[in-house]
Amino acid sequence: MIIPVILSGGEGIRLWPESRKGNPKPFLVLDDINRESLLQKTVLRALAVTGSKDVYIVTNKDYYEKTIEHLNSIKPDISVRFLLEGSGRNTAPAILLAALELQQRFGPECRMLILPADHLIQNEEALQEAVAEACILADQGYLVTFGIKPTKPETGYGYIKIGNEIKKKYSFEVEHFVEKPDRTRAQTYFDSGMYFWNSGMFCFRTGRLLDMARCIDLCLYEASMKCFCEGMRESGRITFERDSMNRLPSNSIDYAIMEKCGQVATVICDFGWSDVGTWEAIESLGAKDESGNTIAGNVYLLDSQNCYFKGDRRVVVGLGVEDLIVIDGPDGLLISARSSIGDIKKLSYFL
């Protein structure tokens with residue numbers, strides 16, 4: 001048995017004006033033929049790669065109704081249950097609360113597959129193969145990560161350094177985790193062939209994860225257990241109120257558990273993964289014209305180079321401009337020099 005647990009939170013401020021606190025990144029609809037939100041794609045992907053009829057979604061309780069709307073429009077043939085957070089406390093509490101629920105419902109041998117709701121994966125068949133390998137490793141007691149084969153020296157992702165080989169060219173023990181590097185170090189990682197992007201996807205048995213949490217961080221484990229017991233249970237959902245959530249330490253599962261556990265493995269993956277976390281990442285999904293421009297929607301560019309313009313709601317025109325990113329959103333307009341787009345998070349207080 002393997003149960004998908006979808007983490008659907010965050011504000012996605014780097015994708016303003018399309019994404020913000022009231023309409024976070026999982027609800028973003030990409031410019032593809034299916035016109036599905038990232039959340040919808042993730043739910044359908046979870047169904048396809050696991051064959052499970054049960055899916056859990058961990059999200060803020062304020063997003064419950066909007067999540068239901070997105071699910072109703074695709075009508076997945078699965079039972080969706082919710083863990084609703086009164087406030088977000090990062091991935092470690094979210095995953096431990098889900099593990100406690102799954103262990104109670106399915107037992108300690110149940111495998112859980114952690115999938116962020118806001119990623120894009122192009123090759124689901126390759127993902128399915130990677131999940132099958134991860135399940136084998138999980139049954140051997142490993143906490144399993146999915147390491148993405150890097151395509152460039154990216155500074156926006158954390159990395160995993162591989163250690164001893166478990167299965168030739170496919171799975172390895174993890175030597176250590178690395179935070180987002182600077183450009184020079186990212187190039188070194190890329191050239192070495194020993195470092196892989198940390199996808200934020202995981203697989204483990206519920207009992208094994210909880211045992212490791214109890215041994216590594218007893219305070220986090222006990223706080224999660226207390227919060228879990230205090231949850232308000234209704235049909236198909238458990239709500240954890242703000243006061244209960246705020247007693248949990250805010251920490252990522254990587255830092256709280258994975259980096260301190262002696263039995264962590266990674267499955268090496270190449271399935272067209274992207275966290276689509278920036279406008280440049282979304283731009284890369286489109287095709288460039290002969291002047292290096294990428295456009296989406298009602299956009300016209302003349303005598304312009306190396307620009308990304310997106311404007312679905314009204315006509316957007318660029319004349320004689322270079323190196324601009326322009327996003328015409330539903331209630332906001334972003335105009336940025338390409339070199340400055342990474343600074344948008346600095347405006348989070350205003351946006």
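I started with the lining of the largest pocket: its residues divide into 15 nonpolar, 20 polar and 15 charged. My classes: Ala, Val, Leu, Ile, Met, Phe, Trp, Tyr, Cys and Pro are nonpolar, Asp, Glu, Lys and Arg are charged, and the others, Gly among them, are polar.

The model is predicted: local features need pLDDT of at least 70, side-chain atom pairs count only at pLDDT 80 or more, and totals for chains, interfaces and linings use all residues. I number residues from 1 along each chain as its sequence is written, and side-chain values use heavy atoms, with hydrogens and water left out.

I took a pocket as an open set of points, on a 1 Å grid over the protein atoms alone, where a 1.4 Å probe fits, with protein on both sides within 12 Å along at least five of seven lines; lining residues have an atom within 4 Å of a point. Volume is the space filled by probe spheres set on the points, which are joined across faces, edges and corners.

The largest pocket has a volume of about 1,700 Å³. Of its 50 lining residues, Gly-9, Gly-10, Asn-90, Thr-91 and Asp-118 are the closest to its centre. I then checked helices (DSSP H or I, at least four residues) and strands (E, at least two), numbered from the N terminus. S9 gives the largest share of this lining, four residues.

Next I looked up the second largest pocket, about 720 Å³. It has 28 lining residues; Lys-152, Glu-154, Tyr-157, Thr-278 and Ala-281 lie nearest its centre. Strand S13 (273-274) and helix H10 (279-283) each give two or more residues to its lining. H10 has the largest share, three residues.
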